[in-house]
Amino acid sequence: MKTFLVVNPRSANGQTGKRWVEIAAQVGRVLGDFGHGFTQGGMDAARITREAIDQGYECIVAVGGDGTLNEVTNGFFRDGKAINPNAALGLIPRGTGGDFRRTFGWGLDLESSLERLRTDTTEPFDVGRLDFIDNDGKPATRYFANIASFGVSAVVAREVNSGSKALGGNFSFVWGTLKGLVKYTERKVKVSTDGGPAETLDVTAVAVANGRYFGSGMFVAPDAITHDGAFDITIWSGYGLSDFLLKSKGVYNGSHVTWKGTRRLRCQSVHAEPVDEQEVFLDVDGETPGRLPATFTLLPSAIRIKV
C-alpha cells in the first residue's frame, strides 16, 4: 500500500523529532518509499491526512501518541463522510499514554510496528463521531478512534495536559487522577442510548468506548472490540479519591466492572446533557475539546486499520 507517515515531532518528549533521521532510515529499509509530513499545531495531523488521502495514499500512519492518532482519524473524514473507506489507518506509537495500542497488544518498539505496516493485513475499524459544544461555546464535530468520555476523566486529562510528562505517562496520569478527584464533584447528567428515554445519573465518569483502555492503562471497557458495530459504555458513579487510593488496582485490571458503582451498556448512540448549569467537560482520546450537551454516534466499519 502507498504509505504516508503523519509525524508529531514533539511526541516521546521530543525524541521523535530529534531521532527522525534514524527513524526514517529504518522505515525506508522496511517499507521502501513513503511520504511524510510534520505536525506543527492543533489539528495539523487531520489536515495533513486529508491532503495525503487526496493525493492517493492508501495507508496513513500516525507517528505519535493517542492525540496524534485522534487527529489522523479525523483526517479520514470530510463533510461527514470517509474520504476513502478503503484507506487504512496505521500506528507507530511514540506517545506517553499509549492507550489505543494496548487494545491490540502492540508494543512500543519500532521493529514490530514496521512489521505490522509491511503486510497487507487490514480489518474493518469502527469510528466514533462526537457532536458537542466546543471550548468557544460553538457546535462542533470530532471523530474518535479509542474512547470519548465525560466527567472526572476530562478534569484529569486537563491536569495531565497542563503538566510535564517527563516522568512518563503512567506517573503523569496517576498524579493527574489524584488532583482531578480532589477538584471534582459528581454531576447530574441526563443520558439516553439509541434514541430511548433519558435517565438522570450521578456521574463520576462515563466512558463511550470503541477501544478498551484510557487514562494510561485503565482497563475501562474490557469487552470492547473495534469492529463489532457497538460502543461499550462504562458508567462510574459514587467514586471519589478514597476509592482510587484503596481500590485503584481494579481500575487497571478490569475487575471494577463487578463493583457496585460500575454499570455497563452496549449501544450505537448516546446523548448526554447536564441537568443543571454546571459544566460537564469532555475527554476525547486524551484531548479536552469541549463540553456537554453531546451526541456520540458509532460509524460501523467506517475505515480500515493495519493490524
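Trainee: Okay, what does aspartate 202 count as, buried or exposed or partly exposed?

Mentor: Aspartate 202 counts as partly exposed, at 35% relative accessibility. Buried is under 20% relative accessible area, exposed is over 50%, and partly exposed is in between (1.4 Å probe, protein chains only). Keep in mind that this is a predicted model, where local features need pLDDT of at least 70, side-chain atom pairs count only at pLDDT 80 or more, and totals for chains, interfaces and linings use all residues. Residues are numbered from 1 along each chain as its sequence is written, and side-chain values use heavy atoms, with hydrogens and water left out.

Trainee: Which residue does aspartate 202 form a salt bridge with?

Mentor: Lysine 188, with the closest N and O atoms 2.8 Å apart. A salt bridge here is a side-chain nitrogen of Lys or Arg within 4 Å of a carboxyl oxygen of Asp or Glu. Aspartate 202 sits in strand β11 (residues 199–203) and lysine 188 in strand β10 (residues 187–193), so the pair ties together parts 14 residues apart in sequence. Helices (H or I, at least four residues) and strands (E, at least two) are DSSP runs, numbered from the N terminus.

Trainee: And how many salt bridges are there in the whole structure?

Mentor: The search finds 13. Another one joins glutamate 51 and arginine 47, at 3.3 Å between the closest N and O atoms. Those two are four residues apart in helix α3 (residues 44–54), so about one helical turn separates them.

Trainee: Which residues are linked in a network with Glu51?

Mentor: Asp44 and Arg47 are linked with Glu51 in a network of salt bridges.

Trainee: Switching topic: where are the domains?

Mentor: The domain assignment gives domain 1 (3–121) and domain 2 (127–301); such bounds come from an automatic or database domain assignment. Their centres, taken over C-alpha atoms, are 25 Å apart.

Trainee: How many residues are in contact there?

Mentor: 19 residues of domain 1 are in contact with 24 residues of domain 2, contact being heavy atoms within 4.5 Å. About 1,700 Å² is buried between the domains, with carbon and sulfur atoms giving 55% of that. Buried area is the accessible area (1.4 Å probe) that two parts lose on being put together, summed over both.
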